[in-house]
Amino acid sequence: MSDEMTLEERKVVYRARRGLKEIDVYFDPYVKNYYLTADPAEKALFAELVDQEDPDLLDWFMEVGESPRTELKEFILKLKHYVHG
């Protein structure tokens, strides 16, 4: 996984490690199974998502709040689908 990654991909993977179980349960499987084979648009969307603050991410994933961008909201639903089916 590491030899084929670009510097930008390495940065995104590093930033995806949050240390919060509620977020890592979604980010970890995506990084391990889908991120490197995703198309550039999806990689950019994931990079944007991991740049968000933890309290916002928690609200969005726990459906307490909603992302201001529709694309992020849809991507969160996709991540949840990967984990929960």
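**Notebook: a look around the helices**

I began with Glu63, which is exposed at a relative accessible area of 57%; exposed means over 50%, buried under 20% and partly exposed in between, with a 1.4 Å probe and protein chains only. Glu63 sits in the loop between α4 and α5. Helices here are DSSP runs of H or I with at least four residues, strands are E runs of at least two, and both are numbered from the N terminus. I also looked up the backbone of Glu63 and found a positive phi of about 60 degrees, although Glu63 is not a glycine. For background, most residues other than glycine have a negative phi.

A note to myself on the source: this is a predicted model, where local features need pLDDT of at least 70 and side-chain atom pairs count only at pLDDT 80 or more, while totals for chains, interfaces and linings use all residues. Residues are numbered from 1 along each chain as its sequence is written, and side-chain values use heavy atoms, leaving out hydrogens and water.

**The core**

Next I asked which residues touch the most other members of the largest nonpolar core. They are Phe27, Phe46, Leu49, Phe61 and Leu79, out of 23 residues. Such a core is a set of buried Ala, Val, Leu, Ile, Met, Phe, Trp, Tyr and Cys residues joined through side-chain atoms within 4.5 Å. At least two residues of this core come from each of α1 (7-16), α2 (21-33), α3 (40-50), α4 (54-61) and α5 (70-84).

I then followed Phe61, leaving aside its neighbours within four places in sequence. Phe61 is in contact (heavy atoms within 4.5 Å) with Tyr26, Phe27, Leu49, Ile76, Leu79 and Lys80.

**The rings**

I searched the whole structure for aromatic pairs and got 11. Rings of Phe, Tyr and Trp (its six-membered ring) pair if their centres lie within 6.5 Å; planes under 30 degrees apart are stacked, over 60 edge-to-face and the rest tilted. The pair of Tyr35 and Phe46 is tilted, because the planes stand at 50 degrees, with the ring centres 5.6 Å apart. Tyr35 is in the loop between α2 and α3 and Phe46 is in helix α3, so this pair ties together parts that are 11 residues apart in sequence. I checked both for burial: Tyr35 is buried at 2%, and Phe46 is buried at 0%. Both also belong to one aromatic cluster, with Tyr26, Phe27, Tyr30, Tyr34, Phe61, Phe75 and Tyr82.

**A lysine over a ring**

What lies over the face of Tyr35? I found Lys43 there, at 5.6 Å from the ring centre; the rule asks for NZ of Lys or CZ of Arg within 6 Å of the centre and within 35 degrees of the ring normal. Lys43 is part of helix α3 and is buried, at 16% relative accessibility.

**Two helices crossing**

Last, I looked at α3 and α5, whose axes come within 10 Å and cross at roughly 95 degrees. Axes are lines fitted to C-alpha atoms, for helices over the stretch in contact, with angles from 0 to 180 degrees between N-to-C directions. These helices are therefore roughly perpendicular, as 65 to 115 degrees counts as such, under 35 as roughly parallel, over 145 as roughly antiparallel and the rest as oblique. Among the contact residues I noted Phe46 and Leu49 of α3 and Phe75 and Lys78 of α5. Lys78 is partly exposed, at 32%.
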